[in-house]
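Have the sequence and the coordinates open while you read.

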Amino acid sequence: MLRETAARIAAANGLASVEDLGSIDDRATAIWGVFADAGLLALRVPESSGGMDASAIEVCVVAVELAATMTPAPFVVQGAIVPSILAAAQASSVLEPVVGGERRLGVAMSVDLQRIARPTTEAVCVGAAGADGVLSIGDDGSVHLHAISETTAIDGLDLTQSMLRTRLDAGQQVGTLSEDDRHRIHALTLTVLAADLVGLMQAALDETVVYLRDRQQFGKPIGSFQALQHLAADAAVLVEASRSSMLRASWAVDRLTPAGALLAARQAKAYAGRAARSVIEACTQCHGGVAVTWEHLMHLRLRRALLDDQLFGDQRVQLLAIAATRLAEDHTDAEIPPSTTDGLNFGDSPDEAEFRAGLRAWLHDNPAPEVGDGDDAEMDAQHVWHRMLADAGWVGLTFPVAYGGRGLSPAHEAILNDELGAFGAPPAPAINHITNAIRLFGNEDQKTEHLSGMLSCRLRWCQGFSEPNAGSDLASLTTRGERFTTADGTDAYRVNGQKIWTSEALWAQWCLLLLRTEADAPQHRGLSMLMVPMDTPGIEVTPIETAYGSREFAAVFFDDVVVPAENLLGNPGQGWEIAMALLGFERGPADMGWTARLGRQLSLVEAAIRDGQLSVDDVQRHSLAEAWVELEALRVHVQRSTSARLDGSAPGPEGSIDKLLMTRADQRISHALYDVLAARAVLEPERFWQSYVWSRAQSIFGGTQQVQRNLVAQRVLGLPR
Ligand SMILES: Cc1cc2nc3c(=O)[nH]c(=O)nc-3n(C[C@H](O)[C@H](O)[C@H](O)COP(=O)(O)OP(=O)(O)OC[C@H]3O[C@@H](n4cnc5c(N)ncnc54)[C@H](O)[C@@H]3O)c2cc1C
């Protein structure tokens, strides 16, 4: 409801054209009464002072909507930061008229825009439109109110809000903030600025998607050109990751310790500040010449985004502060408070917390084999451990009880993957996509025969889809299955062809094989899915060595392989539908495991720096913090996607956004490790090289980065094919 209210106000009062800029201060004054009537100025004020006692989440909800239309009223400064400072400082006599909308105050910033100014210094008053005073904060936390006098207007970059330059006097002290209050207000401020940035970039992208669909060149909509689709897809990924980061930071303001809240806020601000610039630049490019004209609103968004980025420190400032915090202490076990409400939540429910504790205890008592180069001995040890994991009931968590699973929510699956990754244990057996394909498309006999073997980890499966000439264009595959009757009267398929890059084919007992069975049907309808025992005569598996020397994938050759037709999954010609359905199950909670594994990798390097095993300069610290910021965005986004699944809805094309974020984080971390290890990366390459190569594979397997961008552009943004 709050979002709808804010969106209505934003739609009615936003900037419709650059002509509106002429009357910006008058418009701000007119809008202020609307804000006060809707209670938007009282959000962060305690009920005891006539406020709404709202969380920072609500403040950010409003900020996003108002920024989307560039509503020309300084809500962030006058509506969120000022009331928060006054409420925390218990300056109730100043606060009351501010909340009622009768009095308006701005904030005095240091001239480098990085912090709230101290009294008796040179200052820049931001959000000053219509204000008769500004607040400053002394080093001891004292809050001072200054009358606005002897100011010079600043002809600054952002045209949607006015700024003034002044020399502050001593002002009138109206209250004092504790150190915790100051951290929390700092966190709130950075987060609301991130929300403003999210609103700006979302609106830029929305407008661009419409333009890409409408504008024609070369006789077709420009949105059908892949170069522009990929720009738009990357922009969508950045918008969603910024939104996820901002949402978590807004939750953290009130739920984490002040230091934890500040770290989350710095992450969100660093991410959104950089993302907004990239997104709006990409949107400008998609428009061609029109977006660099004075009349177009795009430059107003860019101007405001650049100011937001600078306010309270740009990305560089945030990254160095993040590096200082993370390298000063170990954050691996940072406590997340349990969830207590139905609202936005990042903690475990009591039931989830119990599940996590039980799992941790089990992992402690049943040490996992070390993850290394993936040689045969390691894979055998991993198989044995997976069976132990299954026997203890940790496999098939979300699978229905009727088929041998535990019927738990995707949150439990996410916790399992999270803990395995954090412990440095091997990933959970990657069977979800195949078990679900059999559950959804198999007959009862097939479910009985295969599901228990998979859920108990007795039997290993591989996925035979890709072929030498059918990778991204999977539907063009040519491995053939001809239906015939064997000499003993069995209805069967004779299979001929070759698969490639088949992970774990060397150790698998079964293969889920996508092949062409309906020679006369259109390309996608001619495919079927067969379940093939790997010891069937005529199958030959040839390992392919990876760039770091493991044998985890292989080429699989089929030479007159006879497979009973009862092994067909679904109907003849249904193979493509099954393949598409099962690929969705590869994402989601499983991503939590990758994320935790990357987090562990980063934490180990940070620990080595803390212990003095590695020394780093500012550039290397910056690189590490940048990797952590990218990883956090991924982690929070995966949590958001997982919660979207808690209602049982099937995974959709939005999973491609998660995959693209995974690629960004993995590759960013690898680069950070290279930056930090420097000469060691080439003199002692063992662990670095493996994870580096793997990060490059991340943008290839499970649909390449380019294919994922195509999916985001066409199926999430709705651009024409
Ligand atoms: C570690 C790893 C494990 C794997 N495991 C399996 C497995 O278990 N089972 C299995 O079946 N396969 C597996 N694969 C194969 C994987 O699915 C394919 O590598 C992937 O689909 C890409 O196919 P390709 O390698 O033939 O590249 P290609 O499709 O030839 O792509 C080459 C380049 O062209 C680009 N490209 C292709 N089409 C388009 C397009 N329409 N628009 C824009 N760019 C395009 C690609 O993005 C890429 O950059 C695995 C791969 C890896 C790296």
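Thr 595 sits in helix H17, which spans residues 589-610. The model is predicted. Thr 595 has a relative accessible area of 2%, and the cut-off for buried is under 20%, so Thr 595 counts as buried.

**Around Thr 595**
- Setting aside neighbours within four places in sequence, Thr 595 contacts Leu 631, Leu 634, Arg 635, Val 638 and Met 662.

**Glu 467, a loop residue**
- Glu 467 is found in the loop that links strand E10 (461-464) to strand E11 (480-485).
- Is Glu 467 buried or exposed? Its relative accessibility is 5%, so Glu 467 counts as buried.
- Beyond four places in sequence, the contacts of Glu 467 are Leu 477, Thr 478, Thr 479, Gln 498, Lys 499 and Ile 500.
- With one of these residues, Thr 479, the side chain of Glu 467 makes a polar contact of 2.6 Å.
- Trp 294 is 173 residues from Glu 467 along the chain, and their C-alpha atoms are 52 Å apart.

**Ligand: polar contacts and burial**
- An oxygen atom of the ligand lies 2.6 Å from a polar side-chain atom of Ser 472.
- A ligand nitrogen is 2.8 Å from an N or O atom in the side chain of Gln 226.
- For the side chain of Ser 503, the distance from an N or O atom to a ligand nitrogen is also 2.8 Å.
- The ligand on its own exposes 980 Å², of which the protein buries 66%.

**Ligand: the shell**
- Strand E12 (491-503) and helix H22 (705-716) are the elements that each supply two or more shell residues.
- E12 gives the largest share, three residues.
- The ligand has 16 residues around it, and those that come nearest are Ser 466, Ser 472, Trp 501, Thr 704 and Gln 706.
- What is the make-up of the shell by class? It holds six nonpolar, ten polar and no charged residues.

**Nonpolar cores**
- The largest nonpolar core has 154 residues. Phe 35, Phe 75, Ile 85, Leu 86 and Met 201 have the most contacts inside it.
- Helix H6 (residues 179-214) contributes the largest share of this core, 16 residues.
- Another core, of 41 residues, lies apart from it and includes Val 395, Leu 420, Ile 434 and Ala 579.
- Leu 86 touches Ala 91, Val 94, Leu 95, Val 98, Leu 105, Leu 135 and Val 174, residues up to four places away in sequence not counted.

Methods:
Residues are numbered from 1 along each chain as its sequence is written. This is a predicted model: local features need pLDDT of at least 70, side-chain atom pairs count only at pLDDT 80 or more; totals for chains, interfaces and linings use all residues. Side-chain values use heavy atoms; hydrogens and water are left out. A residue is near a molecule or strand if one of its heavy atoms lies within 4 Å of it. A polar contact is a pair of N or O atoms within 3.5 Å; within protein, one must be able to donate a hydrogen and the other to accept it, and residues adjacent in sequence count only if both atoms are side-chain atoms. Accessible areas come from the Shrake-Rupley method with a 1.4 Å probe; for residues, only the protein chains shown count as cover. Helices (H or I, at least four residues) and strands (E, at least two) are DSSP runs, numbered from the N terminus. Ala, Val, Leu, Ile, Met, Phe, Trp, Tyr, Cys and Pro count as nonpolar, Asp, Glu, Lys and Arg as charged, and the others, Gly among them, as polar. A nonpolar core is a set of buried Ala, Val, Leu, Ile, Met, Phe, Trp, Tyr and Cys residues joined through side-chain atoms within 4.5 Å. Buried means under 20% relative accessible area, exposed over 50%, partly exposed in between (1.4 Å probe, protein chains only). Contact means heavy atoms within 4.5 Å.
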